Every structure is written in C-alpha cells, then in structure tokens.
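Please read the following points with the sequence and the structure side by side. Each point takes up one part of the structure.

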Amino acid sequence: MSKLPLVITAILAGASCSVFASSQVQVSFTAEVDPPPCHILQSPSTLDFGNIKRNQLAAKTSTQLPVKSFVGGITIQCEAKTSIGLRAVDNSGGSTLAIGNLSWSSPSVNVTPAQTDQRFGLGMTSGGKAIGVWNVLFHSAQVDGVPAQIGIANNGLLDLNDTVPTMRNNGKASSWVQNSSFALGELFTVQADAAIALAPLEDLPSGTKISFAGSATLEIVYL
Amino acid sequence: MKIMMRNVKFSLLLLSVILISINARASDCDLNISQPHTNFGTFSRGTLSKADSGGQSNMIGRKTSMLTIVCPRPERITLYYRAAAGSAADSYSLGDIAKLSLTISDAQADGKSVPLMYKQGGGVAVSDNVKELALLPDIGITPNTNEPVTTLVMQMTSIAAVNDINTHIKEHKVLNSIGTLEVVSE
C-alpha cells in the first residue's frame with residue numbers, strides 16, 4: 001500500500017525533469033593592464049676623473065678620489081601616476097676592489113668592503129687585480145616637486161630597515177619613498193654623486209699608464 | 001493500518017512539493033547574447049576615465065551587447081547572472097584589481113517596451129518597475145508585465161572599473177571574469 005504512491009511520485013518527477021532544456025549562456029569579460037610608460041628626460045652623463053698621478057695614490061691602502069656629482073641628476077617622466085625605482089647592473093663583471101671604504105659627506109654614508117652589494121668594479125689590471133671600486137649616492141629626491149626619501153626595494157617590497165641611499169648590484173632597486181611607502185607620481189627627480197677609490201699603488205702595474213672605466217646600467221622598475 | 005495511512009499521506013505531500021517546485025524551473029527558452037566575450041582592451045592608470053555623470057570613476061571601459069530570449073510559448077521568464085561577487089555588492093570581480101558592473105535596460109517584450117523589476121527566491125518582486133536595473137548576483141530581473149512573454153529583447157551594458165586608483169600595477173596583467181546568464185521560467 002505504501003510503496004505505490006512513492007513509485008508514482010518518482011515517475012512524475014522524472015517525466016517533469018526530462019522536458020527541461022538548458023537556457024544558459026556563459027559570458028566572459030577581459031581587460032589587460034600595463035604600467036604607464038615612463039621616459040628618461042635626464043640621465044647621468046659620463047664623469048671624467050681626469051689623469052691621476054701615481055703620487056696621489058697611497059702605497060698600501062686604497063685611495064678615494066673627490067666625490068663628483070652627475071650634473072642635472074636623473075629625471076624620469078611617467079605618463080600617469082605610478083611608483084618606480086632604479087635597478088643597477090654592474091657592467092664590470094664584478095671586478096671590485098675588496099679593500100677600502102667609499103665615503104660621502106652629504107649625506108654622510110660609508111660603504112665598507114663587507115658591503116659587496118654596494119660596490120661596483122673598475123676592471124682588472126693585466127695582472128688580474130681589481131683597479132678600484134665605485135658607487136653612486138642618491139639624494140635630493142623629489143616626486144612631482146615634493147621632497148622624497150630614497151628607499152630600497154627588495155623583490156618589489158620596501159625594506160624599511162635599509163635606508164642607505166646607494167646603488168645596489170644585487171637586484172634591489174633604489175626607489176622614491178614618501179610616508180614610508182613607495183611614492184606615487186609622474187615626475188621623478190634625484191641627484192647622484194659618484195665616489196671612486198683606487199687600489200693601493202703596490203697592486204697597480206708600474207711604469208705604464210692605466211686606463212680604467214666603470215659603468216652600470218640603470219633600469220626603471222615599476223613598484 | 002495506521003502506519004500505512006501515514007506513509008500514503010507523506011507520499012502525497014512529497015508529490016505536492018515536487019509539483020510546486022517545477023513552477024520555477026530551468027527554461028526551455030533560447031537565450032542568445034550578441035557578444036558572449038567582451039574585451040575592454042588594454043589600459044593603464046593614465047587611460048582610466050574620471051568620474052562620469054553616473055558617478056563611475058576609474059573606468060576601464062563600457063560595452064553594450066543585446067540579449068534575446070525566445071520561448072516556444074508565452075512564459076513568465078526571469079534572467080539571472082551567476083558569477084563570483086566583487087568587492088561591492090552590485091559588482092563582480094574582474095581579475096584581482098578591478099570590478100565589473102552589469103546593467104539590463106531597454107527591454108522589449110514581443111515588440112513592446114516594458115519596464116523591469118527584480119525577482120528573488122520564491123518570486124517576490126523587490127523593486128519598482130524601471131527601465132534599467134543592475135544585474136545583481138543571484139537576483140533575477142523580469143519584465144514587469146501581466147502578460148507572459150514569447151520574445152524578450154534587452155540591452156546589457158557592462159562597465160569595468162579599477163577598484164582602487166592607488167593599486168600598484170607593476171607589470172602586464174590580464175584581468176578575467178566569467179559568469180553564466182540563465183533564464184528561468186515559471
């Protein structure tokens with residue numbers, strides 16, 4: 001007695017469902033986003049330290065030459081508000097002098113031999129010894145005319161514990177910072193001062209003129 | 001005997017429930033959209049629009065497509081959109097930095113202009129009849145007319161906008177959103 005209605009119910013339900021047709025349409029939406037293009041309006045020119053006489057160099061320690069500024073500094077114009085940094089690649093292949101400090105007085109910064117990520121090379125002598133070491137200190141940064149600090153971006157994140165405004169050779173980027181975060185703007189400016197230290201005289205070949213050059217490629221990265 | 005009577009009553013009740021449930025069912029109407037894939041193109045912060053007259057700011061783009069529903073017989077039909085909800089209640093996610101708003105408007109039922117209204121759950125209208133309604137997550141839109149409809153044509157406007165203008169855009173990124181338009185008949 002009790003089973004019959006249940007069987008009828010099942011048949012009715014099945015028959016009702018079988019006449020339903022699908023009336024669904026899948027739709028999709030897509031957009032693509034790019035960072036705004038940025039253009040370098042002013043880039044560092046070549047700094048010429050001229051001829052350096054042997055008697056200007058210390059015999060057993062490194063000798064730092066007077067700090068020189070890149071005239072005009074660096075200016076980058078972006079087509080819309082964004083956050084950027086500068087990532088440096090040492091073109092010397094890592095031939096850096098492993099002794100002696102690099103020092104700037106304003107602001108006061110000292111790079112020691114242990115800070116290898118902040119030392120760029122000047123090439124090697126014929127005897128296979130490093131000729132010197134150099135780096136650039138960034139200062140007087142501005143974003144859209146408003147003063148900013150220089151911060152270090154590590155894998156795209158601001159490292160608040162690293163406030164030394166020097167160029168890095170390990171993939172970290174020097175960036176414009178305001179209010180403890182990457183600054184947002186369109187016009188980015190910064191001044192750059194280069195410091196060079198040469199190897200002890202005893203490590204350089206005697207009797208011949210040595211030509212040396214250091215360079216780094218700066219890459220704009222979006223943060 | 002007493003136990004058997006209870007079973008019969010229960011089965012009849014079950015049958016009633018099933019018969020009622022098929023009042024709101026998947027439709028046998030045909031649903032077509034003129035543009036199943038909408039591409040808003042490539043944008044950057046610089047190309048985002050300022051607030052328009054509708055108050056929409058940081059807009060990536062606006063696109064329009066036509067929805068056509070054709071039923072084999074006059075029916076009371078409701079349109080739903082099923083997709084992941086966005087940061088706001090009236091929008092859907094478009095990638096991880098943007099949102100998508102959908103609006104249904106300019107409905108024509110069997111060639112006549114008709115107002116629209118919301119339907120939710122058991123078929124209770126929750127909004128006044130208007131010419132244009134936002135297509136909200138899991139809330140149906142139906143023509144506000146007493147007559148069942150054979151052909152319903154509507155316009156669907158999709159607006160894509162960035163959630164936060166201060167979002168850091170570090171690299172090229174593709175933003176996607178997928179959903180399903182569904183017609184339910186009564």
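**Notes on the predicted model**

1. The largest nonpolar core has 45 residues, and those with the most contacts inside it are A:Val133, A:Trp134, A:Phe138, A:Trp176 and A:Ala195. Two or more residues of this core come from each of β5 (74–82), β6 (84–90), β7, β10, β11, β13, β15 and β16 (216–222) of chain A. The greatest contribution is that of β15(A), with eight residues. Apart from this core lies another, of 44 residues, which includes B:Leu31, B:Ala98, B:Leu135 and B:Ala160. As a general remark, nonpolar side chains tend to be buried together in soluble globular proteins.

2. Chain A has a mean pLDDT of 87, and 90% of its residues reach 70 or more. Over residues 1–22 of chain A, however, pLDDT stays under 50. For that segment the model has 23 contacts beyond four places in sequence. Where pLDDT is low, the predicted coordinates should not be read in detail.

3. Which residues does A:Ala195 contact, leaving aside its neighbours within four places in sequence? They are A:Gln64, A:Val67, A:Leu102, A:Ser103, A:Trp104, A:Trp134, A:Asn135 and A:Leu137. Two of the residues named here, A:Ala195 and A:Trp134, are also among those with the most contacts inside the largest nonpolar core.

4. Strand β10 of chain A, residues 132–143, deserves a point of its own. The strand is mostly covered, with nine of its 12 residues buried. Its pairing with strand β15 (residues 185–198) of chain A is antiparallel and extends over 10 bridges. Strand β9 (residues 120–121) of chain A also pairs with β10(A) in the antiparallel sense, over two bridges. In that region A:Gly121 has A:Val133 of β10(A) as its bridge partner.

5. Strand β11 (residues 146–154) of chain A runs antiparallel to β10(A), and three bridges join them. A:Val143 stands opposite A:Val146 of β11(A). The two strands form a hairpin with two residues between them. In the turn, A:Asp144 has a positive phi of about 55°.

6. Two further residues of chain A call for attention to their backbone angles. Most residues other than glycine have a negative phi. A:Asn155, in the loop between β11 and β12 (157–159) of chain A, has a positive phi of about 55° although it is not a glycine. A:Asn179 lies in the loop between β13 (173–178) and β14 (181–182) of chain A, and its phi is likewise positive, near 55°. Are these residues buried or exposed? A:Asn155 counts as exposed because it has 8 C-beta neighbours inside 10 Å. A:Asn179 counts as exposed because it, too, has 8 C-beta neighbours inside 10 Å.

7. The loops on either side of β8 in chain A contain two residues of interest. A:Pro107 lies in the loop between β7 (102–105) and β8. The peptide bond joining A:Ser106 and A:Pro107 is cis, with omega about -5°. Most peptide bonds are trans. A:Thr116 lies in the loop between β8 (108–111) and β9. A:Thr116 counts as partly exposed because it has 14 C-beta neighbours inside 10 Å. Its C-alpha atom is separated by 8.4 Å from that of A:Thr96, a residue 20 places away along the chain.

8. Chain B has one helix and 14 strands. Of its 186 residues, 31% count as buried. Among its contacts between residues at least 6 apart in sequence, 73% join residues at least 24 apart.

9. B:Met154 is found in strand β13 (residues 149–162) of chain B. Why is B:Met154 classed as buried? B:Met154 is buried because 24 other C-beta atoms lie within 10 Å, and the cut-off for this class is 20 or more. Not counting residues up to four places away in sequence, B:Met154 touches B:Leu67, B:Ile104, B:Asp106 and B:Ala107. The C-alpha atoms of B:Met154 and B:Val114 are separated by 9.9 Å, although these residues are 40 apart along the chain.

Notes:
Residues numbered from 1 in each chain as written. Chains lettered and ligands numbered in written order. Predicted model: local features only at pLDDT ≥ 70, side-chain atom pairs only at ≥ 80, totals over all residues. Helix = DSSP H or I, 4+ residues; strand = E, 2+ residues; numbered from the N terminus. Pairing = 2+ DSSP bridges. Core = buried A, V, L, I, M, F, W, Y, C linked by C-beta atoms within 7 Å. Contact = placed C-beta atoms within 7 Å. pLDDT = per-residue confidence, 0-100.
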